[in-house]
Amino acid sequence: MTKIGILVGSLRKESFSEKIATNVAALFPEGYETEFVEIGNLPFYNQDFDDKDNVLTEYTSFRNTIKEFDAILFVTPEYNRSVPAVLSNALDIGSRPYGANIWSGKPAAIISQSPGNLGGFGANHHLRQILIALNMPLVQQPEAYISNVVALLDENGKVKNEGTVEFLQSFVYTFVDLIKKYQA
Ligand code: FNR
């Protein structure tokens, strides 16, 4: 079984990102298992804890959780044209201490969403920049910017636009192909 960790860049109860992520999780083929990873409980990263050998249990447990996944899917809104702090913090925690970056080598894919027209382009690309530093092989094409998200979801949070479902399905297949390359 190939395990995909899903990190959502929003803590909001009715988060559109989480709804999109739930739709996408259902599109993985047999043999793939998805799991949402909690990041809202993580204290802000402070390098002193690692340097002074006083590592917080929350950091250790998060790092161990991420190590178990074969690949990571990020679904995020855009905050002020960039990556929400909660997601950035989780990435920082996993990237340290120096030389023990738990993200390294794990295939990843990014979906950004927005109620607006730009589909979270800024967050998507800033996240790409971070994932390059973390040495994560990324789905390059197709790029997934989900704009006008409110109109795409029905009252149960299901994507109702057929074209969007088809797009997300092809995105998942591309991600699966990338994951297979790194498993070989
Ligand atoms: C936003 N929002 C937003 N939207 C956008 O398209 N570009 C942006 O730069 C921002 N900036 C921003 C900053 C902050 C602090 C907040 C709280 C919100 C609006 C955002 O897209 C909207 O609230 C989404 O609903 C957030 O995604 P979730 O929580 O529904 O997943």
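Guide: Let us begin with strand E1 (residues 2-8), which runs parallel to E2 and is joined to it by 5 bridges. This is a predicted model, so local features need pLDDT of at least 70 and side-chain atom pairs count only at pLDDT 80 or more, while totals for chains, interfaces and linings use all residues. Residues are numbered from 1 along each chain as its sequence is written, and side-chain values use heavy atoms, with hydrogens and water left out.

Visitor: What makes E1 and E2 a pair?

Guide: Two strands pair if DSSP finds at least two bridges between them. E1 and E2 have 5 bridges, so they meet that definition. Within this pairing, glycine 5 stands opposite glutamate 35 in E2. The labels come from DSSP too: helices (H or I, at least four residues) and strands (E, at least two) are DSSP runs, numbered from the N terminus.

Visitor: Which strands make up the sheet, and in what order?

Guide: The open sheet has 5 strands in the order E2-E1-E3-E4-E5, with parallel pairing. Strand E2 (32-36) and E5 are the edge strands: each has a single partner strand, so one side of each is left without a neighbour in the sheet. From one strand to the next, the twist averages 20°. In general, strands of a sheet pair through backbone hydrogen bonds, either parallel or antiparallel.

Visitor: How do you know that E3 is paired with E1 and with E4?

Guide: Count the bridges again. E1 and E3 run parallel and are joined by 5 bridges, and isoleucine 6 has leucine 73 in E3 as its bridge partner. E3 and E4 also pair in the parallel sense over 5 bridges; here threonine 76 has serine 112 in E4 as its bridge partner.

Visitor: Why is E3 called largely enclosed?

Guide: The word "buried" means under 20% relative accessible area, "exposed" means over 50%, and "partly exposed" is in between (1.4 Å probe, protein chains only). In E3, 6 of the 6 residues are buried, so the strand is largely enclosed by the rest of the structure. Ala71, Leu73 and Val75 are buried on one side, and Ile72, Phe74 and Thr76 are buried on the other. As a rule, side chains in a regular strand alternate between the two faces of the sheet.

Visitor: Why is valine 176 called buried?

Guide: Its relative accessible area is 4%, under the 20% limit, so valine 176 counts as buried. Valine 176 lies in helix H7 (residues 162-183). The C-alpha atoms of valine 176 and alanine 71 are separated by 9.3 Å, and these residues are 105 apart along the chain.

Visitor: Is glutamate 78 buried or exposed?

Guide: Glutamate 78 has 18% relative accessibility, under 20%, so the answer is buried. Glutamate 78 sits in the loop between E3 and H4.

Visitor: What makes the approach of glutamate 78 to glycine 122 a polar contact?

Guide: A polar contact is a pair of N or O atoms within 3.5 Å; within protein, one must be able to donate a hydrogen and the other to accept it, and residues adjacent in sequence count only if both atoms are side-chain atoms. A polar atom of the glutamate 78 side chain is 2.6 Å from the backbone nitrogen of glycine 122. The side chain of glutamate 78 also has a polar atom 3.1 Å from the backbone nitrogen of alanine 123.

Visitor: Which residues come nearest to the ligand?

Guide: A residue is near a molecule or strand if one of its heavy atoms lies within 4 Å of it. There are 13 residues around the ligand, and Ser10, Ser15, Ser17, Glu78 and Ser114 come nearest. Ligand oxygen atoms lie 2.7 Å from a side-chain N or O atom of serine 10, and 2.7 Å from one of serine 114.

Key:
Axes fitted to C-alpha atoms, helices over the stretch in contact; angles between N-to-C directions.
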